[in-house]
Amino acid sequence: MTDASSVPLHIIDLIRKKRDGGALNAHEIAFLVEGAASGTIPPEQLAAWLMAAWLRGLSLDETRALTIAMRDSGEKFSPRLLLLGKVAVDKHSTGGVGDKTSFLVAPIASACGLVVPMISGRALGHTGGTLDKLESIPGFRTALTLDEFGSVLAECGAAIVSQTPELVPADRVLYALRDRTGTVESPGLICASILSKKLAAGLDALVLDVKTGSGAFLRKREDAEYLAALMVATAETAGTRTVALMTDMGQPLGRMAGNWIELMEAVELLRGERPKRSEDLRELSLQLAGWMIHLGGKADSPERGSAMAETALNDGSALRVFLRMVEAQGGDVRVFDDPPAFHRPGAARVLEAWESGYVSDMETTQIGWAVQRLGAGREKAGEPVDPHAGIEFHARRGARVERGQPVATLYATRAELLAEPVALLKKAIILSETPPGAAVPLVSRILTYENAEALLRDAGKVIG
Ligand code: URA
């Protein structure tokens with residue numbers, strides 16, 4: 001019998017096979033990924049294959065093979081982690097508005113004895129970027145070499161950095177092509193892209209925060225659940241203990257959305273403060289951190305993990321890790337002595353309720369665009385962002401407001417940038433005479449390997 005790996009492959013055959021609804025084997029997928037990373041397969045052929053994969057979908061076996069081949073397309077961080085002798089855990093969110101849980105869960109998990117090698121991204125679409133937010137701290141560097149990444153982790157137990165050129169080069173090529181060819185929103189391609197980077201970082205355990213609701217990328221609940229189950233099953237079979245929490249993005253998380261103002265809010269919580277309009281942020285951070293601590297083996301249940309996380313907030317140990325990490329990554333920690341004093345927007349405007357009523361709904365994607373258009377995000381790749389732009393929300397879903405009462409404060413670089421976001425907010429915040437129905441749960445479902453497998457089986461995709 002001929003060994004599959006000895007048969008010479010041609011990319012045109014793999015494009016035709018996928019186009020006609022066939023499934024590629026692991027050897028064929030490895031050939032494609034290696035060609036993407038090395039540049040031996042031209043972009044037009046990769047783009048044609050991506051479109052065929054988007055239209056036909058990827059089987060579970062193909063998704064797993066793609067994830068592993070992409071993980072292995074460059075250097076891996078795992079050997080450096082082994083030297084640290086600690087269990088490595090991380091959290092990944094599918095993206096939302098005002099989502100700043102990384103600034104809480106990374107130092108909390110480190111304070112509880114784990115190591116958190118977090119590789120994060122920039123603003124994408126209507127959502128903010130963890131790296132852009134951190135770079136509002138003067139001097140903070142996110143582009144660390146692998147050696148520097150290792151040193152910060154050894155010193156602080158947590159580091160938040162951008163993807164390095166050495167890790168997962170195939171994703172850089174494929175992601176840029178997907179962005180330009182309308183092939184981003186494919187569960188198999190998203191799963192392989194996200195997980196290849198997480199697995200290359202050498203994680204023992206991963207907690208996924210999969211958003212649903214009006215501010216999520218995948219708005220339909222069944223799509224978000226399918227992606228969550230796919231990621232849990234793929235990561236688990238690749239050897240990383242993984243769980244996904246389906247969480248509400250039907251309104252911004254916490255009361256701030258922007259860059260520096262999100263750090264201000266996170267640091268208040270790290271100081272043990274309990275602002276009422278930040279309670280959802282605190283609660284979600286404790287639940288995510290609880291799972292990280294549990295999967296990392298430091299607590300025998302996620303509930304016990306959450307209790308440990310709460311102690312790390314209350315006793316200041318998580319704050320100490322956060323400040324040490326900022327310093328180790330070149331940031332000036334003096335700005336945290338008085339965070340509001342460092343907030344210097346060029347212009348501000350208070351939006352008052354245009355009528356009396358209940359905040360019955362929020363179109364959170366439009367709210368996210370309002371934040372980006374104030375200057376917190378960019379129009380074109382590579383542009384600088386305004387560290388001081390953003391929105392503080394004075395009323396959350398379900399609140400009663402009277403005409404003239406402040407609903408939000410908008411911050412921008414220049415006064416002329418305020419008009420469009422004000423108009424967006426007036427359409428996105430729905431005021432009604434009647435209060436909204438039952439409160440939406442913050443965490444609506446938890447997918448572990450067992451129920452992820454069952455969900456995929458019900459969706460007709462048996463894990464093979
Ligand atoms: N984030 C990624 O890194 N990859 C995707 O495909 C989508 C979001």
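Let's start with Arg 178: an N or O atom in its side chain sits 2.9 Å from an oxygen atom of the ligand. Keep in mind that this is a predicted model.

| Residue (side-chain N or O atom) | Ligand atom | Distance |
|---|---|---|
| Arg 178 | oxygen | 2.9 Å |
| Ser 193 | nitrogen | 2.7 Å |
| Lys 197 | oxygen | 2.5 Å |

How much of the ligand's accessible area does the protein cover? On its own the ligand has 240 Å² of accessible area, and the protein covers 80% of that.

Now for the whole shell. Besides Arg 178, Ser 193 and Lys 197, the ligand is surrounded by Tyr 175, Ile 190 and Ile 194. Sorted by class, that shell has three nonpolar residues, two charged ones and one polar one.

Which helices supply at least two residues each to this shell? They are H9, running over 169–181, and H10, running over 187–200. H10 gives the most, with four residues.

H10 also has a packing partner, helix H4, which spans residues 60–71. The axes of H4 and H10 are 8 Å apart, and the two helices pack at an angle of about 40°. Because of that angle, H4 counts as oblique to H10. As for handedness, H4 passes H10 in a right-handed crossing.

Conventions. Residues numbered from 1 in each chain as written. Predicted model: local features only at pLDDT ≥ 70, side-chain atom pairs only at ≥ 80, totals over all residues. Heavy atoms only, no water. Near = heavy atom within 4 Å. Polar contact = N/O pair within 3.5 Å; in protein donor to acceptor, adjacent residues only side chain to side chain. Areas by Shrake-Rupley, 256 points an atom, 1.4 Å probe, with all protein chains shown as cover. Nonpolar A, V, L, I, M, F, W, Y, C, P; charged D, E, K, R; others polar. Axes fitted to C-alpha atoms, helices over the stretch in contact; angles between N-to-C directions. Parallel < 35°, antiparallel > 145°, perpendicular 65-115°, else oblique. Left-handed = near helix turned anticlockwise from the far one by under 90°.
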